[in-house]
Amino acid sequence: MSELTLPTVRQRPLDPPDEVTALRQQGTIHRMTYADGHQGWLVTGHAAARAVLASPYFSNRPEHMHPPIPSARMELATQPEKLRVPPGFFLRMDPPDHTRFRRLLTGQFTVRRMKMLEPRIAEITSACLDAMEAAGPPVDLVQEFALPIPSLVICELLGVPYEERAQFQADTKVLASLESKADDAIAALGSISTYLYGLVQRKRKEPGDDLLSGLIESGELSDEDLTGVGVLLLIAGHETTANMLGLGTYALLTNPDQLAAMRDDPSVVDNGVEELLRHLTIIHLGPMRSALEDVEIEGVTIKAGETVSIHLPTVNRDPARFDDAERLDVTRPAGGHLTFGHGIHQCLGQQLARAEMRIAYPALLRRFPGLRLAVTPEEVPMRSDMSIYGVHRLPVTW
């Protein structure tokens, strides 16, 4: 029985752990020992990852999962009753429950709807850059740019007053931290849920032109369901894109030729965004699935009840799928990465995230053509202690 445990230490901030890259060179599916002793699997190959994510024979429900690494929150994984999934938190559901929620929300996040949002995203981006310029260098790009843009956008989309952001941003940080104690994570989820439940009540009395009000008007969801949907969209809608904007800027500042291409050639931007999503892959612990019955993937039998961890940063550098896969190349033809997942749980807000990045990166680089790090690259604190990778802070000057 293998004693492989999940390597988490990155030898270089923008690359997956060397040990996982070495594993992929040996094969695509590996026996792995989880933090609670469970013997499950680690997937490092692109085709195998797609097969797992597309298969209807794997569950995404938390009670089937095992913790991949030791953490202060490990007991939540082994005792999921302590951190119950809110009723509308459809990311952690299987069909048919997942299908019902997904159907209701898919129309809210179409390419056409996101295209209509682009002028407002550009306004928000410009306002953040104005404030950053007025403050003068040096600034923390995370606080002045990467975090406020997606936070403002998702707040407007959902109908959350932006001036009430401080608590949900603090609670999100607790939930994302691998070092948070179980009781703190439970309290943070309770805090966000209480806030969203109150907001639903307010919108029942005074609806607006926003997603939550529209869902209330449809009459298909209970207040508890609406609360869970709101919690998921609010957390996912700002935390992930904020970290892509921060880490992506760090990657460009440490790769000046790539930065110049993104800044100076508008035809590069769409492919550049996809390449940053592929190369950086901020989801560095998971996704995970658990087999509902025996499943064969690439000749390996994954038995019912076994948990599978997909190592997306390594999967997205699989040379069997991407030429010169280790190199950051913003001119690379887009497509193929699994950063937004695959199958029924593929990220609902991916078109919104793309729109935000397509607008924000070039706007930043053109407003501040002399943008550079205000510290050495080694001094930038990386989010190795969080479930979503990125930079804690990004001191910049110009």
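Student: What makes α15 count as mostly covered?

Tutor: Of the 18 residues of α15, 13 are buried, where buried means under 20% relative accessible area, exposed over 50%, and partly exposed in between, with a 1.4 Å probe and protein chains only. The model is predicted, so local features need pLDDT of at least 70 and side-chain atom pairs pLDDT 80 or more, while totals for chains, interfaces and linings use all residues. Residues are numbered from 1 along each chain as its sequence is written, and side-chain values use heavy atoms, leaving out hydrogens and water.

Student: How do you know that the span of helix α15 agrees with its number of residues?

Tutor: The expected span is 1.5 Å times one less than the number of residues; for the 18 residues of α15, residues 350-367, that gives 26 Å, and because the end C-alpha atoms are 26 Å apart, the two agree. Helices here are DSSP runs of H or I with at least four residues, and strands are runs of E with at least two, numbered from the N terminus.

Student: Why is L277 called buried?

Tutor: Its relative accessibility is 1%, and therefore L277 counts as buried. L277 has its place in helix α13, residues 269-280.

Student: Which residues are in contact with L277, leaving aside its neighbours within four places in sequence?

Tutor: They are M244, N316, H337, T339, F340 and M357, where contact means heavy atoms within 4.5 Å. One of them, M244, is 33 residues from L277 in sequence, yet their C-alpha atoms are 7.4 Å apart in space.
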